[in-house]
Amino acid sequence: MTVVVGGLLSLASQGLAPAQKKSIELDTKTQILSSVMDRTKLETMEPDAILKMYQERITSLVVDYSGNEVTTDEKGAAIKAENVDILKNYKKKPEDRLYPVFKYKADAAAQGVDAYILPLYGAGLWDKIWGFVAMKSDLNTIAGVSFDHKQETPGLGARIATPEIQGRYVGKTIFNEGGELVSVTMLKGEGNADISNHQVDGMSGATLTGKGVTAMLKNYLSYYSAYFEKLNAGETASR
């Protein structure tokens, strides 16, 4: 009986596998697009329309810590940015990780890149947090962000997943006048005055989650700094 049930469960699992795979693909691509597009609009679209839009507007590559493009793994198999497991990479030293880059075009028929979308991963108050940051082609101005979390406190830290909080990052810059990477810091508390272009207002009662977001953003931007330098120097054909 156990064998039969096990076999049936195995068949069911195999049967569901394609649907689960497509669901994960859809969720990932929706998150990537939502860093530069209105997520509420994306959620009204049919899954196939989202996947078609992604195919038309996003191209991707993978780079290493030194900013060099990586096309194959240690076994010679092709590497696809969408298949890089950010969680597994997070457990490695930054120097040993792979870094996906998703290049976005607002107009599918246009040339050039409107935004470079980079994945993020870190720790919030209670558990992991993650997301994407979209950098404009000047590689200094944030075009948008998309954050999510596993179990931050509802109404407090969980607000990082809301358009209200994410919208605060749009237009902020990550380099100071001296060219130093300073990223964008979420301030403590809410309703702060005199917020600089490297800061966003905080979330009341969610200081530790805010610190987690700040650390996650600065860490990952620093990991991509060598790639940014190569783009600015024209050492890659990706810009």
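A: Seven nonpolar residues, one polar and one charged make up the lining of the largest cavity. In this classing, Ala, Val, Leu, Ile, Met, Phe, Trp, Tyr, Cys and Pro are nonpolar, Asp, Glu, Lys and Arg are charged, and the others, Gly among them, are polar. The model is predicted: local features need pLDDT of at least 70, side-chain atom pairs count only at pLDDT 80 or more, and totals for chains, interfaces and linings use all residues. Residues are numbered from 1 along each chain as its sequence is written, and side-chain values use heavy atoms, with hydrogens and water left out.

The lining residues are Ile 86, Asn 89, Arg 97, Leu 98, Tyr 99, Pro 100, Pro 119, Tyr 220 and Tyr 224. H4 and S2 are the elements that give two or more residues to this lining. Elements are DSSP runs numbered from the N terminus: helices are H or I with at least four residues, strands are E with at least two. The largest cavity holds about 40 Å³ of space. The count is one cavity of 30 Å³ or more. On a 1 Å grid over the protein atoms alone, a cavity is a set of points where a 1.4 Å probe fits but cannot get out; a pocket is an open set with protein on both sides within 12 Å along at least five of seven lines; lining residues have an atom within 4 Å of a point. Points are joined across faces, edges and corners, and a volume is the space filled by probe spheres set on them.

Now the open space. The largest pocket has about 760 Å³. It is lined by 25 residues, with Ile 24, Thr 28, Glu 82, Val 84 and Ile 86 closest to its centre. Helix H1 (2-34), helix H4 (86-90), strand S2 (99-104), strand S3 (115-123) and strand S4 (128-136) each give two or more residues to that lining. H1 gives the most, with eight residues. By class, the lining has 13 nonpolar, four polar and eight charged residues.

H1 calls for care. Its mean confidence of 73 is the lowest in the chain, while strand S7 (residues 199-200) has the highest, at 98. The chain mean pLDDT is 91, and 92% of residues reach 70 or more. pLDDT is the predictor's confidence in each residue, from 0 to 100. Where it is low, predicted coordinates should not be read in detail.

The second largest pocket has about 320 Å³. Its 19 lining residues include Ser 34, Arg 39, Val 145, Pro 163 and Gln 166, which lie nearest its centre. S5 gives the most to this lining, with six residues.

Next, the packing. In helix H7 (residues 225-232), Ala 226, Tyr 227, Phe 228, Lys 230 and Leu 231 are buried. Buried means under 20% relative accessible area, exposed over 50%, and partly exposed in between (1.4 Å probe, protein chains only). Their cover includes strand S1 (58-63), S2, S3, S4 and helix H6 (207-223). The largest nonpolar core has 57 residues, and Phe 228 is among those with the most contacts inside it, as is Leu 221. Such a core is a set of buried Ala, Val, Leu, Ile, Met, Phe, Trp, Tyr and Cys residues joined through side-chain atoms within 4.5 Å. Leu 221 touches Phe 228, Leu 118 and Val 133, among others, not counting residues up to four places away in sequence. Contact means heavy atoms within 4.5 Å.
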